[in-house]
Amino acid sequence: MKNANANLMKEINLNNVRQVMKRAGTATKPQLAMLTKLSVVTVNSLVKELLESKEIIEDQTAASGGGRPALTYRFNYDHSQALVIYLKENQGQRVASAAVINLENRIVSQNEYVLPAFEQKYFAEIIRGFLIACPQVKVIGMGIPGQIVNGRIVVASHHELQGAPLIEELEQQFQLPVMVENDVNAAVFGYQASGGEADGQCITGIYFPKKYPPGMGIYLNGNIIRGKNGMAGEIKFLPQRIDWYAEMKEEVLLEAACRIIQSVNAVLAPDQIVIYQEMTGAERWIDFWNGYQAREPMPHYPEVILSNTFQADYEEGMRMLTLQKLDPVPVQF
């Protein structure tokens with residue numbers, strides 16, 4: 001028991017030093033002792049271990065005030081990397097954008113691929129090529145227009161993704177953890193990270209793509225609200241009686257969008273509703289929404305933000321959510 005407690009304490013201290021080094025970028029041992037509130041003796045031991053694993057590297061000798069010069073250490077942001085793949089459709093083509101990022105969220109390598117279909121064999125080819133070029137990749141993140149339950153896609157905007165056992169087969173093939181996230185969940189996470197969130201606020205992001213059903217992500221207190229089996233936000237199942245795959249008149253789409261916003265507002269009362277849409281111009285949307293509010297009472301009126309940054313928010317959210325998988329799991333007694 002005593003050895004187990006000692007090992008746990010060592011792991012906690014090691015993670016503490018890792019996180020401080022990651023935030024600071026560079027530090028000397030005395031600085032690490034001050035920032036972590038650990039003894040210099042403990043820091044010496046932990047720094048040695050992090051040097052051996054190449055998580056930190058010797059940087060330079062810092063000037064001193066007359067005593068022995070202090071050696072500076074630099075955090076190795078490329079010690080672990082993540083491969084992030086975003087599935088999307090662009091002008092009728094199925095596209096996979098892929099990027100390898102390091103622990104600093106800096107892009108190391110990226111490419112975009114036009115796919116014959118959203119099928120696992122094509123994802124595997126992309127992954128294999130990146131893993132050969134970037135052997136430091138330790139986790140794979142995939143953003144999809146759908147939801148995963150027990151490793152299998154059960155709800156998807158693109159029918160060919162339906163039922164695919166994505167996670168298990170890719171993990172077995174590449175022996176790396178695979179994280180799959182819904183595209184709208186990732187977008188609302190990326191939106192708040194870019195400055196859209198105040199402490200304690202609830203933010204919903206609603207995406208109305210062309211020719212496909214809408215989707216919604218819910219963000220609250222630093223987390224995505226997923227619901228049972230990750231099905232929170234599947235607003236295409238609201239009783240709208242609309243064929244989202246068929247072409248519709250602008251007014252029909254706008255009315256349906258406003259009704260969805262009203263339903264979301266009545267249930268969640270969010271602080272902000274971010275609307276990602278490709279159906280109409282901003283001026284037309286604002287006029288229609290203002291008229292809708294005038295005739296339909298609501299419990300409160302949230303801040304509705306029209307945004308054209310879906311792809312940027314989606315990619316930022318996927319990078320951050322995937323990098324979270326590389327953070328050490330907190331050790332508790």
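This is a predicted model: local features need pLDDT of at least 70, side-chain atom pairs count only at pLDDT 80 or more; totals for chains, interfaces and linings use all residues.
Trainee: Where does K54 sit, and what is its phi?

Mentor: You'll find K54 in the loop between helix 3 (40-52) and strand 2 (56-62). Its phi is positive, about 65°, although K54 is not a glycine.

Trainee: What about N105: which loop holds it?

Mentor: N105 lies in the loop between strand 5 and strand 6. It isn't a glycine either, and its phi is positive at about 65°. N105 counts as partly exposed, with a relative accessible area of 25%.

Trainee: Let's go to the strands around that loop. How do strand 5 and strand 6 pair?

Mentor: In general, strands of a sheet pair through backbone hydrogen bonds, either parallel or antiparallel. Here, strand 5 and strand 6 (residues 107-115) are antiparallel, with 8 bridges. Look at A98, for instance: its bridge partner in strand 6 is N111.

Trainee: How many residues of strand 5 are buried?

Mentor: In strand 5 (residues 93-102), 8 of the 10 residues are buried, so the strand is largely enclosed by the rest of the structure. For the whole chain of 333 residues, 49% count as buried.

Trainee: Now a helix. Which residues of helix 5 are buried?

Mentor: First the general idea: an α-helix has 3.6 residues a turn, so residues three or four places apart point the same way. In helix 5 (residues 166-174), the buried ones include L166, I167, L170 and F174. Those residues are on the same side of helix 5 because they cover an arc of only 85° around the axis. On the other side, E168 and Q172 are exposed. Just after helix 5 comes Q175, with a positive phi of about 55°.

Trainee: What is the strand order in the open sheet of 5 strands?

Mentor: The order is 13-12-11-14-15, and the pairing is mixed. At the edges are strand 13 (223-224) and strand 15 (303-307), each pairing on one side only. Strand 13 runs antiparallel to strand 12 (residues 215-220), and 2 bridges join them. Y219 has I224 of strand 13 as its bridge partner.

Trainee: Which helix lies across strand 11, strand 12 and strand 14?

Mentor: That's helix 7 (residues 250-268). It runs at about 160° to strand 11 (202-208).

Trainee: To finish, how many helices and strands does the chain have?

Mentor: The chain has 9 helices and 15 strands. Among its contacts with a separation of 6 or more, residues 24 or more positions apart account for 62%. The chain exposes about 17,000 Å², and carbon and sulfur atoms supply 50% of that area.

How values were computed: Residues are numbered from 1 along each chain as its sequence is written. Side-chain values use heavy atoms; hydrogens and water are left out. Two strands pair if DSSP finds at least two bridges between them. Helices (H or I, at least four residues) and strands (E, at least two) are DSSP runs, numbered from the N terminus. Contact means heavy atoms within 4.5 Å. Axes are lines fitted to C-alpha atoms, for helices over the stretch in contact, and angles run from 0 to 180 degrees between N-to-C directions. Buried means under 20% relative accessible area, exposed over 50%, partly exposed in between (1.4 Å probe, protein chains only). Accessible areas come from the Shrake-Rupley method with a 1.4 Å probe; for residues, only the protein chains shown count as cover. The arc is that of the directions from the helix axis to the C-beta atoms.
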